[in-house]
Structures are given as C-alpha cells and as structure tokens.
Amino acid sequence: MSISQLVAQHLPFLRRYARALSGSQTAGDAYVTAMLETLIADPGTLDRDLEPRVALFRLLTRLWDSVTLNAQTEPVPLQVQGERRLGHITPVVRQAFLLVSLEGFTEEDAATILDVDVPTLRHLVEDAGRELAAEIATDVLIIEDEPFIALDLEGLVESLGHRVTGIARTHTEAVELARRKAPGLILADIQLADGSSGLDAVNELIEKVEVPVIFITAYPERFLTGVRPEPAFLIAKPFQPSTVAAVISQALFFERRARPREQRATA
C-alpha cells in the first residue's frame, strides 16, 4: 500500500487525535498538515518496520514534540463537558491518555508511539488519572467480595484522588451503600460473596441514577448475556493497576453513563 493510501485510511483518526491533543481544530489540522508535508518531502520518515497506524501516530507525535504551530487558534466545539478539562493535563500525560483512551492503542503500541517503555507509559496513564481527578474527583462505590482485591481497588481509587464511599460484598450491601450516598462511579465484580450478581445490583442501582460503571471480573463471559447495563466497561482479572486507572479516567472524562437494559422476553 502506498503512503498516500495509508494516510487516507487513517487521516480522520489522526485529525481527531491532533485536535484533542492541541485543544483546537485549527492547530490540530495544522499539525496533521505538517506531518503530510514531511512525508511528501521525505517518505523515509515513516518507519516501515512498524504497523502503519502506529508509524503514522509516532511521526505525528514527533512533530508535536518538536514544533509549535498556530499559537492563536479557534477552539473546536467540545462534545462533552469532560473534554473542557483536557487542556489542564500536562502534554506528555495528555498524549498517553488520548492514545490509550481515545484512540484505543495497546500499552505496547502507545509506548512505541511515545518512544518510552511500557512501565513509563503506565506511569503516564496513572498520572493522567490523578490530574483528571483533580478536575473531576468523584465518589466511588466498590462492589467486590474478595477482601484483598477490594483493598487494592480502594487504594488505587484514592491514589487517583477519588473518594471511596464504601465496599459492598453482596447485592444487598451495594444497594444499601448507594442509598446512603449516591456514587459518581461504580466498580463492580460480577460474582459476589453470597452467590448474588453484581450485574443485578448495578442494574437496580442505575434505575435510580445514571452513573458510569466499570466491571472488574474473572468471569467476563457472564457479561455477554444481553441483559446487562449499557454502556459499561469491562476489565478481566487479573488486572494491571494502570489499566484500571486508564478506564476510570476514560469513564469519567467521556461521561459514559450506564443505563439499565430491559431483559429479553423468554418463552
């Protein structure tokens, strides 16, 4: 595939990333234009040893790090309230967050794009979580029956700057804790201590209030039932703390609220 074909295939996503990164449509498009001019002048600047999408984002990132374009720009219209806070995140942390949360790159590919190792990338994503939490800190309800996992999640949530309102081990406890104080985010296991379902608990909770939900479970197949709250985020156990941090930031930043889904009729 020619370079022009590669660029055409990925151009909308390069523009989306550059606009989010710079905070304006004008500046974002200017960076992408500079990348295209660089490729025309020297096609060898694109690393052909990398997967094309990774290579293009890596080249754009190098230009972003080395050039300042269009300091006076007109802000792009923002789609959700959380995006107004993106400009408060430091540049390299912003890059890591957007590559993982907005563009969906793996940790390995995002690290390659930023020219860092994976542990450094994870630290950057965790930093993003802390910097975003300074702007959008919220109350978090943890629904988890394994004490050590619950404590790990509590420590991670608090290290990001959020507040844990309680830890529930059963459906009943989750409903009671949410009744006392409505959470701004829910982290939920699917299989709970008394055999009850975290899915059912969450579905009951979000009938009263729309809230982002992240399922963290060793049984991801139980999520794929067609009767779950949607949309929601799913993390399989065992998990990397940086993954949880990234998904928490993503859920709050993009304000993706879960809504109950009606159960399908059965014969």
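The following questions and answers concern a predicted model of a protein.

Student: How many helices and strands are there in the protein, and what percentage of its residues count as buried?
Tutor: The protein has ten helices and five strands. Of its 267 residues, the share that counts as buried is 48%.

Student: Among contacts between residues at least 6 apart in sequence, what percentage join residues at least 24 apart?
Tutor: Contact here means heavy atoms within 4.5 Å. Among such contacts in the protein between residues at least 6 apart in sequence, the share joining residues at least 24 apart is 72%.

Student: Which residues of strand 3 are buried on each side?
Tutor: In a regular strand, side chains alternate between the two faces of the sheet. Strand 3 covers residues 185-188, and both of its faces are covered.

Student: Through which helix does the chain cross from strand 3 to strand 4, and what is the handedness of the crossover?
Tutor: Strand 3 and strand 4 pair in the parallel sense. Between them the chain passes through helix 9 (residues 198-205), and this β-α-β crossover is right-handed.

Student: Why is helix 9 largely enclosed by the rest of the structure?
Tutor: The buried residues of helix 9 are Gly 198, Leu 199, Ala 201, Val 202, Asn 203 and Leu 205. They pack against strand 1, helix 8 (171-180), strand 3 and strand 4. Helix 9 is largely enclosed because its buried residues number six of eight.

Student: At roughly what angle do the axes of helix 1 and helix 2 cross, and with what handedness?
Tutor: Helix 1 spans residues 3-22 and helix 2 spans residues 25-41; their axes come within 8 Å. The contact includes Val 7, Leu 11, Leu 14 and Ala 18 of helix 1, and Val 32, Met 35, Leu 36 and Leu 39 of helix 2. The axes cross at roughly 145°, and the crossing is right-handed.

Definitions and conventions. Residues are numbered from 1 along each chain as its sequence is written. This is a predicted model: local features need pLDDT of at least 70, side-chain atom pairs count only at pLDDT 80 or more; totals for chains, interfaces and linings use all residues. Side-chain values use heavy atoms; hydrogens and water are left out. Buried means under 20% relative accessible area, exposed over 50%, partly exposed in between (1.4 Å probe, protein chains only). Helices (H or I, at least four residues) and strands (E, at least two) are DSSP runs, numbered from the N terminus. Two strands pair if DSSP finds at least two bridges between them. A crossover is right-handed if, with the strands pointing away from the viewer, the path from the first strand over the helix to the second runs clockwise. Axes are lines fitted to C-alpha atoms, for helices over the stretch in contact, and angles run from 0 to 180 degrees between N-to-C directions. A crossing is left-handed if the near helix is turned anticlockwise from the far one by less than a right angle, and right-handed if clockwise.
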